[in-house]
Amino acid sequence: MDFEENIMKRQNSSEYFDTVIGHIEDIVIGEEFQRMVNQFMECYYYEFEPGEENKIIYTEIYQKYTNMIEAHIVEHLNRKMTCFDMDLFAMELENKKTQLDGEIFELLYTLTDFLAFKDMVLDYKAFKEGAYDDLSKGISVTGLQK
């Protein structure tokens with residue numbers, strides 16, 4: 001990236017951040033991403049138990065998860081944006097952490113917050129074990145554009 005592009009990106013960091021978030025939303029609602037996360041959860045959810053104790057294997061699983069998700073997102077962002085800068089995006093995400101809310105941000109926080117990840121896995125486990133009803137059959141997602 002040249003010097004001028006770098007300056008422009010930093011000056012428009014809020015617009016840049018919003019653009020990246022929009023692309024990440026497109027990525028995570030895609031079938032490929034959903035299938036990848038579900039396959040990961042299927043492989044590892046049984047390892048987790050509710051409670052304060054965190055086993056060593058949790059750390060290993062968490063590392064695999066963060067590497068997989070981050071690599072997938074970065075690969076797709078690099079295809080969509082010629083000037084994607086993970087360091088700038090991570091800095092903006094951290095700066096706006098208290099202002100952001102929504103599923104996309106919860107997913108992003110699971111990449112930096114082990115307890116958020118553990119809660120996500122335990123929710124998946126509870127669903128698999130029948131603690132929650134399957135509401136997905138009554139939900140339909142459609143685009144706004146025709």
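At 39% relative accessibility, A90 counts as partly exposed, a class that lies between buried (under 20% relative accessible area) and exposed (over 50%), as computed with a 1.4 Å probe on protein chains only. The structure is a predicted model, in which local features need pLDDT of at least 70 and side-chain atom pairs count only at pLDDT 80 or more, while totals for chains, interfaces and linings use all residues. Residues are numbered from 1 along each chain as its sequence is written, and side-chain values use heavy atoms, with hydrogens and water left out.

The protein chain has 7 helices and 0 strands, where helices (H or I, at least four residues) and strands (E, at least two) are DSSP runs numbered from the N terminus. Of its 146 residues, 36% count as buried. The accessible surface comes to about 10,100 Å², with 51% of it belonging to carbon and sulfur atoms; these areas come from the Shrake-Rupley method with a 1.4 Å probe, and for residues only the protein chains shown count as cover. Among contacts (heavy atoms within 4.5 Å) in the chain with a separation of 6 or more, 75% are accounted for by residues 24 or more positions apart.

F17 itself has its place in helix α2 and is buried, with a relative accessible area of 2%. M91 is 74 residues from F17 in sequence and 9.9 Å from it in space, C-alpha to C-alpha. When residues up to four places away in sequence are not counted, F17 touches F89, E92, L93, K96, L100 and F105.

Beyond its neighbours within four places in sequence, F33 is in contact with I27, V28, I69, H72, I73 and L107.

Helices α3 and α4 pack at an angle of about 170°, with their axes 12 Å apart, the axes being lines fitted to C-alpha atoms, for helices over the stretch in contact, and the angles running from 0 to 180 degrees between N-to-C directions. That makes α3 roughly antiparallel to α4, because angles over 145 degrees count as roughly antiparallel, those under 35 as roughly parallel, 65 to 115 as roughly perpendicular and the rest as oblique. By class, this contact has 10 nonpolar, 2 polar and 2 charged residues, where Ala, Val, Leu, Ile, Met, Phe, Trp, Tyr, Cys and Pro count as nonpolar, Asp, Glu, Lys and Arg as charged, and the others, Gly among them, as polar.

The axes of α4 and α7 come within 11 Å and cross at roughly 95°, which makes α4 roughly perpendicular to α7. Y58, I61, Y62 and Y65 of α4 and F114, F117, K118 and M120 of α7 make the contact. Also in helix α7 is K125, which counts as buried at 8% relative accessibility and, leaving aside its neighbours within four places in sequence, is in contact with Y45, Y46, F48 and E49.
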